[in-house]
Amino acid sequence: MAIKLDFTSESVVIVCDKCPSYRAVRVGRVPAWAAAADHERAAHDGEKQATLAYGMARMRELQDNLKKEAAKLSPYVST
Ligand SMILES: [Zn+2]
């Protein structure tokens with residue numbers, strides 16, 4: 001994959017092997033992959049790795065949120 005994410009404790013740096021001038025910084029995994037997917041769409045027509053990774057990161061975030069919401073409901077639900 002040409003686009004790489006470098007996770008630090010506070011932010012994520014997005015760099016692209018093929019585009020030395022491209023560099024972006026985001027806070028959080030999902031916004032970082034969104035920026036990577038945007039760059040992929042704009043500069044690397046036909047490539048899908050960052051777009052797929054963005055979809056997976058987004059799905060994982062939604063699953064985590066769903067689990068948190070379900071945990072809040074658990075006192076009210078008898079199984
Ligand atoms: Zn690039």
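The expected span of a helix is 1.5 Å times one less than its number of residues. Keep that in mind for the first close-up of this predicted model.

**View 1. Helix α2 from end to end.** Helix α2 covers residues 49-73, so its 25 residues should span 36 Å at 1.5 Å a residue. The C-alpha atoms at its ends sit 36 Å apart, which agrees.

**View 2. The buried residues of α2.** Ala50, Tyr54 and Ala57 are the buried residues of this helix. What do the buried residues of α2 pack against? Their partners are β1 (3-7) and α1 (29-43).

**View 3. Asp64, a residue of helix α2.** Is Asp64 buried or exposed? Asp64 has 10 other C-beta atoms within 10 Å, and 12 or fewer counts as exposed, so Asp64 is exposed. Asp45 lies 19 residues away along the chain, and the C-alpha atoms of Asp64 and Asp45 are separated by 31 Å.

**View 4. The two faces of strand β2.** Side chains alternate along residues 12-16.

**View 5. β2 and its strand partners.** β1 and β2 pair antiparallel over 5 bridges, and they make a hairpin with 4 residues between them. Here Phe7 has Val12 of β2 as its bridge partner. β2 and β3 also run antiparallel, joined by 4 bridges, in a hairpin with 6 residues between the strands. Val13 stands opposite Val25 in β3.

**View 6. Confidence across the model.** The protein has a mean pLDDT of 94, with 97% of its residues at 70 or more. Confidence is highest in strand β3 (residues 23-26), at 98, and lowest in β1, at a mean of 94.

Definitions and conventions:
Residues numbered from 1 in each chain as written. Predicted model: local features only at pLDDT ≥ 70, side-chain atom pairs only at ≥ 80, totals over all residues. Buried ≥ 20, exposed ≤ 12 C-beta atoms within 10 Å, placed from the backbone. Contact = placed C-beta atoms within 7 Å. pLDDT = per-residue confidence, 0-100. Pairing = 2+ DSSP bridges.
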